[in-house]
Amino acid sequence: MSCEVKNKIISKATDMFLRLGFKSVTMDDIASEMCMSKKTIYKYFSNKEILIEQGTEMVREKFHSLMGEVVSKNFNAIKENFEIRKMFKEMFQAVDHSPAFQLKKHYPEIYEKMMQDEIKECESVFTQNVQKGIAEGLYRADTDVAIAVKFYYTLIFSINENTSLEKEASLLELKALEYHTRAIATIKGVQELEDNLKLINP
């Protein structure tokens with residue numbers, strides 16, 4: 001039961017952090033929203049930073065679980081990237097301000113710790129995607145996989161941590177995806193890219 005209460009607190013607090021801002025939401029706000037005493041929350045979390053850290057980990061786990069579901073559907077490599085972006089956008093559609101931007105600004109230590117794990121995860125997924133695209137003839141066979149992957153995730157992370165509005169970050173991510181794909185695509189890959197872009201901008 002105590003584990004269930006703890007997870008409910010993390011889930012509700014994380015939802016509030018994402019919608020209202022990591023800095024502005026207080027432990028009093030969370031207690032009030034959950035109709036429980038602040039003492040109960042402090043029984044599970046000695047401070048707000050621990051709650052934020054566990055909340056961001058919960059978001060990461062959800063994101064990578066959903067990303068795994070997209071990959072398991074076996075789209076071609078370019079379609080897969082567009083589907084991952086769509087999933088990510090839907091996940092944060094109710095969020096006005098970029099969570100990564102807020103976290104880096106107000107809680108840099110938590111952000112840095114999260115990013116160390118995130119880079120490893122994304123590097124693995126992006127590497128598999130590029131290798132898959134080469135095998136499908138959508139990406140050029142002479143692509144330097146490691147460099148292409150590093151350029152892409154550096155671009156994506158830079159956008160998220162330096163762009164305050166989530167809507168603007170999402171548009172820039174789309175541009176980064178197009179830029180990344182055009183840089184390594186074959187003629188067949190460019191056509192697939194164009195087809196996917198038309199679905200977004202008919």
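Figure 1. To count as a pair, rings of Phe, Tyr or Trp (its six-membered ring) need centres within 6.5 Å; planes under 30 degrees apart are called stacked, over 60 edge-to-face, and the rest tilted. One of the pairs is Phe-63 with Phe-88, which is edge-to-face, at 4.9 Å centre to centre and 75° between the planes. Phe-63 belongs to helix α4 and Phe-88 to helix α5, so this pair ties together parts that are 25 residues apart in sequence. Residues are numbered from 1 along each chain as its sequence is written, and side-chain values use heavy atoms, with hydrogens and water left out. Since this is a predicted model, local features need pLDDT of at least 70 and side-chain atom pairs count only at pLDDT 80 or more, while totals for chains, interfaces and linings use all residues.

**Figure 2. The protein chain has 10 helices and zero strands.** Helices (H or I, at least four residues) and strands (E, at least two) are DSSP runs, numbered from the N terminus. Read from that end, the elements go α-α-α-α-α-α-α-α-α-α. Along the principal axes, the C-alpha atoms fill a box of roughly 60 × 30 × 30 Å.

**Figure 3. The largest cavity holds about 600 Å³ of space.** Grid points are joined across faces, edges and corners, and the volume is the space filled by probe spheres set on the points. The count is one cavity of 30 Å³ or more. Of its 31 lining residues, Phe-63, Phe-88, Glu-118, Phe-157 and Asn-160 are the closest to the centre. Two or more lining residues come from each of α1, α4, α5, α6 (99-106), α7 (108-135), α8 (145-162) and α9 (166-184). The lining splits into 21 nonpolar, five polar and five charged residues. In this sorting, Ala, Val, Leu, Ile, Met, Phe, Trp, Tyr, Cys and Pro are nonpolar, Asp, Glu, Lys and Arg are charged, and the others, Gly among them, are polar.

**Figure 4. The largest pocket has a volume of about 270 Å³.** It has 14 lining residues, and Asp-15, Leu-18, Val-59, Lys-62 and Met-91 are the closest to its centre. Helices α1 (2-20), α4 (48-72) and α5 (77-91) each give two or more residues to the lining, with α1 supplying the largest share, five residues. By class, that lining has seven nonpolar, three polar and four charged residues.

**Figure 5. α5 and α9 pack at an angle of about 175°, their axes 11 Å apart.** Axes are lines fitted to C-alpha atoms, for helices over the stretch in contact, and angles run from 0 to 180 degrees between N-to-C directions. The two helices are therefore roughly antiparallel (over 145 degrees; under 35 is roughly parallel, 65 to 115 roughly perpendicular, the rest oblique).

**Figure 6. α6 and α7 pack at about 125°, with axes 5 Å apart.** That makes α6 and α7 oblique to each other. The contact includes Leu-103 and His-106 of α6 and Pro-108 and Tyr-111 of α7.

Conventions
On a 1 Å grid over the protein atoms alone, a cavity is a set of points where a 1.4 Å probe fits but cannot get out, and a pocket is an open set with protein on both sides within 12 Å along at least five of seven lines; lining residues have an atom within 4 Å of a point. Contact means heavy atoms within 4.5 Å.
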